[in-house]
Amino acid sequence: MKRVLSLLSAFALALPLLSQTPLYEGFANPPQEARPRVWWHWMDGNISLDGIRKDIEWMERVGIGGFHQFDAGGIGMKKIVDEPRTYGTPQWREAFSYAMSLAREKGMETAVASAPGWSSTGGPWVSPEDAMKKLTWRTLEVSGPSRLNEEMPPLYSEVGRYQNIPEVKDVAPWSQYVATVAVRLPEDEKTMEEMEAKVSSSSGDFSVRQLSNGDFSDGSALDAGDGGSIWIGYSFDSPVTVKAITIGGNKTRTIWYCKPPDYVNSLECSDDGKTWEKVCDIPSSILPVHTMSVPAATARHFRMVLAAKAVISEFVLHNVVKVNGSQDKAGFAAPFDLTTYLTPDSSGAAAETVDLTPFEKDGVLSWDVPEGRWRIYRFGASLTGKKNHPAPPEATGLEVDKLSPEAWERYFSSFLKTFSGVPVDYLLVDSYEAGQMTWTKNMPQEFRSRRGYSLLPWLPALAGEIIGSTDRTERFLFDWRMTIGELFAENYARLGEIAKSAGMKGRFIESHENGHVFVGDGMDLKRYADIPMAAIWVENTLSGSPIPMARADIRESASVAHIYGQNIVAAESFTVSGAGGRTYTYCPDNLKYTADVALSSGLNRFVIHESSHQPTDTHRPGLDLLGYGQWFNRHETWAEEAKVWTDYLARSSYLLQKGRFKADILFCYGEDNSITGLYGKKLPDIPAGYAWDFIHPAGLME
């Protein structure tokens, strides 16, 4: 007890000295840079100047250091103001200018989201030529030696084909020719029709040709009714060996949360059509069309057994090796567990390719076909159809091509004109939710300059063909994904110059937030941010990233700040779903644990999600963001007592901003993935007592 009293006495004697230091003064009265910000959503034109003034004055009273402004909506929200201020109109511009000018008068920091909605960079000013694109193809099979002079199949122009993008119905078809490449087929490869397959099922009406080509536009339904299993299968006159399958309509899994696949479907084989043996379970896939390797099985009958109800658009048995997970490895999805998709060796049946692009003119191919069987691929590009969301209808349009510098700069040139002459401090790019892109106009040139060889002869590998050998094909697919990731990151790097040319200080950048949602590395994007940003949802939330995922995301941002010297580590904080009666049930008492987890993970600036603009005082508790909260606004019951909470967040952030992190270990996590993808469920097993940072491959190499 004497020792404790001595320590307390010494501390008491030191207090007068401590209280005279700038550090103590900053702790007692946290400066603006340490104060939390809020995400301030304007909902579907429900905006008033009076509400703007009252919102900002409340923020000032309770110690908010600034706000990030969004325009959200697009769900037919009820109008609660007499004259809505539609995005981009003079009335909206008046309100925006008033808000930003008032904030500047009060010394508050401001930012604006990179598009209407919260994801990502799109709007009605984006033309199809500048929009996100995907690689598409049609095929034609020929035999040689012969002379071919034939009109080629038309390019696919369907928007969003094979991608789960529901908002494409009002997007006009668009296509662009890319190249024509022929693949010499292995001698033993046969199509379903060449194997004289006969299709049958427990229900539904199918044909071999349609199933082989994926020509069921909406799929054909299989339904077992009440109980029982459903199946679709093929029978052959003599045994065939199956090494891979392609399924359209397989059960899909979420891209979020690093959720492993489910195994509710299976492939079975039989010699007599009566006694069946399981070949393998079929994992759920991110994409609705999925090619996978299966253990080689020889039989006269094969069937896919499915859950109680399914819609099938494609089902193909392959008697040769195909790239395992070819759609994912080609960049149409970015699963966190891609490295587990091992393709069997196929060096004995390696294919060669011929670039036929010079021999096609106006859609007609003239070619002296060499000996052998050839599959000719006619490659094109079409739109993914993805739009910025959730945005007011008048502010909704195609997402811009994230791989093209020219399209990117045209997008921001148009977008930032909306704010011309208005004082805004930062540009904010929220977590990525715009889906994948697998093509841009200059992709062949970019690929050659970065990888040192031509892309065109390897294009069929993106359709699942083995070129040269399994190893060489997988190496090409790795190079392909690296090229996409580099182009993506370099466009994000351009945001600094773009923001500063518009009179801003810089940009906040989030990346994945959850799992591995785009082809690329999150640190590669955040390294260029003036303020790297993460996200943390409240513990036990009904949706969104769980705490382990948030710890990985915050550590990613903190590692970037430590390595590249940004110092400030921000996070969208305390996001929660209001489902299940949770709306307006949060307060400092049940938020503090989440705050402390964030601080201990490296966060030193809170950006509270969220504080919707309240245009009136008569509608209480007020507008919210489509059921998501915090609901931290001036109508909250504890709104006027909130400074105790913001002071706690600010004091903690201030001390961490003034500290200097010292790490014992740099943990390099490898290539072709993301920190949230690899460690969204559990951080690396670093020995106890050692401080550490992540480092990405580019940071290590440079």
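A cavity, on a 1 Å grid over the protein atoms alone, is a set of points where a 1.4 Å probe fits but cannot get out, and its lining residues have an atom within 4 Å of a point. A volume is the space filled by probe spheres set on the points, which are joined across faces, edges and corners. Bear in mind that this is a predicted model, where local features need pLDDT of at least 70, side-chain atom pairs count only at pLDDT 80 or more, and totals for linings, chains and interfaces use all residues. Residues are numbered from 1 along each chain as its sequence is written, and side-chain values use heavy atoms, with hydrogens and water left out.

**View 1. The largest cavity holds about 50 Å³ of space.** Look for Q69, F70, D71, Y87 and W92 among its lining residues. Strand β2 gives the most to this lining, with three residues; strands are DSSP runs of E with at least two residues, and helices are runs of H or I with at least four, numbered from the N terminus. The lining divides into nine nonpolar residues, one polar and one charged. Here Ala, Val, Leu, Ile, Met, Phe, Trp, Tyr, Cys and Pro count as nonpolar, Asp, Glu, Lys and Arg as charged, and the others, Gly among them, as polar.

**View 2. The largest pocket has a volume of about 1,200 Å³.** Of its 42 lining residues, W137, T139, S212, N213 and E314 are the closest to its centre. A pocket is an open set of points with protein on both sides within 12 Å along at least five of seven lines. Strand β4 gives the most to this lining, with eight residues.
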